[in-house]
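Trainee: Could you walk me through this structure, feature by feature? I would like to learn how to read each one.

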Amino acid sequence: MTDVDFTDSNRKKRIAIVTMGVKLGDERKGYDRFKSLANILVDTGHDVDLITTTFQHWEKAQRDLSNPSYQQERFNVVFFPEPGYKKNVDLARIHSHAVAAKNLFNWLHRHADYDLIYSEIPPNDVALACATFCHTEGIPYVVDVNDLWPEAMRMVLDVPVVNTVLFSPMAHDAAKVYELCSAAVGTSDEYASWPEKIIGRPVEHITVYVGNRLDAFDEGARTYAAQVDKPQGEYWVTYAGTIGTSYDIKTMVLASELLKKQGHDDIRFMILGGGPTKDELEQLARSLDCNVTFVGYAAYPLMAAYLTQSDVVVNSFVRKAPQSIVTKIGDYLASAKPMINTGMSPEFRGKVDHDGFGVNIEPEDPQILADAILKLHDDPVLSAQMGAQARAIAEEQFDRSESYQRIVALIDRLIAENEAKRAQERG
């Protein structure tokens, strides 16, 4: 047990945020959810360490730790070693995370002076290192559920015997994390309630969408508008995000072919992003008579400009995809464009219907997608209404400057309760 005086009310509360996929400093790729949370915690008077790996997941390369931009963050950045991997789903990644989890656990025990640790899951073994440390030290642990492993991986690697061998340890680690956590934050209601579903008892939880910083989105859209060359008269149907197994970009390509055959030369599909199936899908598009442009990776401000100049955005998933309310939703809504959703998450499909910012359709059917696009294409009044509602929902529910205060309040309460408990134990 650490000898830090946790009863000192004037001491800044020390928070560790542990994340593997964060974009830091001058890096171009990665998620910034946990960086945003770290900055908000600093703004509210906390002492924050953001702890992450030496390996940059998005670049699939080791970071240059001498890069001065890491030291220019408003919070303290800590790196722990990870060997790395080349593919999102393979044995090397599983091994890399196992090594990272061990290195993190050892580092935490050499720096045991935190009031609370907040970490993402997955990776499950990295989260377990945090949960076990907090349990040993008697401090609160909050798990942020932003994907479901091994459930999501089983869809990519669907080999029954291999799945059992590879994924049983992941399932075990997840259950242990949920047993040890003080509370859970989920990026959807489904994810927030996942821990209690797995362990069969109540777990305190709140839902806070990944969201975005609307001021940063709007600034990017304004600044980079001139770099988006949209020919007059074109109608853009846009997807932004990973191009991989869970995301049904193939149906978008085939729908474009159908629309062009029907004489709709003005409708162009814009695909922003990269991923393991991008080359294959580009080749498919080249083999067909369709209007599909693969833009490639676009930095966040440029992506914002593309979305705001589009006419429709597509949340495109295959039927078996387990994802719920994903990162890109906040940006889609901020663009003030109608959304076509093919994801099968009951929670998000219900939200699309209830909030009125788009339409749900069946996935993996090019004709159904083409028909939905044409309906919006031919009804600008309906499209404008949906777009306005999308922006209103973005402002009410997805702007991090407001929504992340719920996480701060949860953290502060858990720390206060733990301090009160320790004081009572000391008599």
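**Reading the sheet, the salt bridges and the spaces**

Mentor: Let us begin with an open sheet of seven strands, whose order is β5-β2-β1-β6-β7-β8-β9, with parallel pairing. The model is predicted, so local features need pLDDT of at least 70 and side-chain atom pairs count only at pLDDT 80 or more, while totals for chains, interfaces and linings use all residues. Residues are numbered from 1 along each chain as its sequence is written, and side-chain values use heavy atoms, with hydrogens and water left out.

Trainee: Which strands are the edge strands of this sheet?

Mentor: Strands of a sheet pair through backbone hydrogen bonds, either parallel or antiparallel. Here the edge strands are β5 and β9 (205-207), each pairing on one side only. On average, neighbouring strands of this sheet are turned by 20 degrees against each other, direction ignored. The axes behind that angle are lines fitted to C-alpha atoms, for helices over the stretch in contact, and angles run from 0 to 180 degrees between N-to-C directions. Strands (E, at least two residues) and helices (H or I, at least four) are DSSP runs, numbered from the N terminus. Two strands pair if DSSP finds at least two bridges between them.

Trainee: How many bridges join β7 to β8?

Mentor: Four bridges join strand β7 (residues 141-145) to strand β8 (residues 183-186), and the two run parallel. One example to look for is D144, whose bridge partner in β8 is V185.

Trainee: Now the charged side chains: how many salt bridges does a search of the whole structure find?

Mentor: Side chains of opposite charge can pair when their charged atoms come close. A salt bridge here is a side-chain nitrogen of Lys or Arg within 4 Å of a carboxyl oxygen of Asp or Glu. The search of the whole structure finds 25 of them. One joins the side chains of D43 and R74, at 2.3 Å from N to O. D43 lies in helix α1 (residues 33-43) and R74 in the loop between β4 (61-62) and β5 (76-80), so this pair ties together parts 31 residues apart in sequence.

Trainee: And where do E257 and K261 lie?

Mentor: E257 and K261 are four residues apart in helix α9 (residues 249-261), which means about one helical turn separates them. Their side chains meet in a salt bridge (3.8 Å, N to O). E257 is buried, with a relative accessible area of 16%, whereas K261 is exposed, at 66%. Buried means under 20% relative accessible area, exposed over 50%, and partly exposed in between (1.4 Å probe, protein chains only). Salt bridges can also form networks, and one links R11, K13, D115 and E419.

Trainee: What is the volume of the largest cavity?

Mentor: Rolling a probe the size of a water molecule over the atoms shows where empty space is left. On a 1 Å grid over the protein atoms alone, a cavity is a set of points where a 1.4 Å probe fits but cannot get out; a pocket is an open set with protein on both sides within 12 Å along at least five of seven lines, and lining residues have an atom within 4 Å of a point. Grid points are joined across faces, edges and corners, and a volume is the space filled by probe spheres set on the points. The largest cavity has a volume of about 40 Å³, and its lining includes W149 and W194.

Trainee: Which element gives the most to the lining of the second largest pocket?

Mentor: That is α17, with four residues. This pocket has a volume of about 240 Å³.
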